[in-house]
Amino acid sequence: KTVTVYSTTHCGSCASLKKWLDSKGVEYQNVNLEERPELQAEVIAKSGSMQVPVTIIADTDGNEQVVNGPKFADISSALGL
């Protein structure tokens, strides 16, 4: 599975989520929406919100699970942790 975290620079929840993923040994791509504002519309379309963090977990078939906010239990479940 591939994990992408959409975040912003000064988001405390984003920092907590990334620290948690690091502690679990989960590899992820961090996309800072302040540095990549052109992706904001795509994130809103996928998540239904502009609240960060938004975590997208994709499997090898291209199916995506979108988790809004730092919902560790939902992310754990999606990753099989």
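Is the link of Cys11 and Cys14 right-handed or left-handed, going by the angle about the S-S bond? With 80 degrees about that bond, the link is right-handed. This is a predicted model, where local features need pLDDT of at least 70 and side-chain atom pairs count only at pLDDT 80 or more, while totals for chains, interfaces and linings use all residues. Residues are numbered from 1 along each chain as its sequence is written, and side-chain values use heavy atoms, leaving out hydrogens and water.

**View A. The disulfide of Cys11 and Cys14.** The two sulfurs sit 2.4 Å apart, and a disulfide here is a pair of cysteine sulfur atoms within 2.5 Å. That rule gives a count of one disulfide. Both Cys11 and Cys14 are buried (under 20% relative accessible area, 1.4 Å probe, protein chains only).

View B. Strand 1 and strand 3 (residues 54–58) run antiparallel, joined by five bridges. Look for Val3 opposite Ile57 in strand 3.

**View C. Around Trp20.** Skipping neighbours within four places in sequence, Trp20 is in contact with Phe72, Ile75, Ser76 and Leu81; contact means heavy atoms within 4.5 Å.

Conventions. Buried means under 20% relative accessible area, exposed over 50%, partly exposed in between (1.4 Å probe, protein chains only). Two strands pair if DSSP finds at least two bridges between them. Helices (H or I, at least four residues) and strands (E, at least two) are DSSP runs, numbered from the N terminus.
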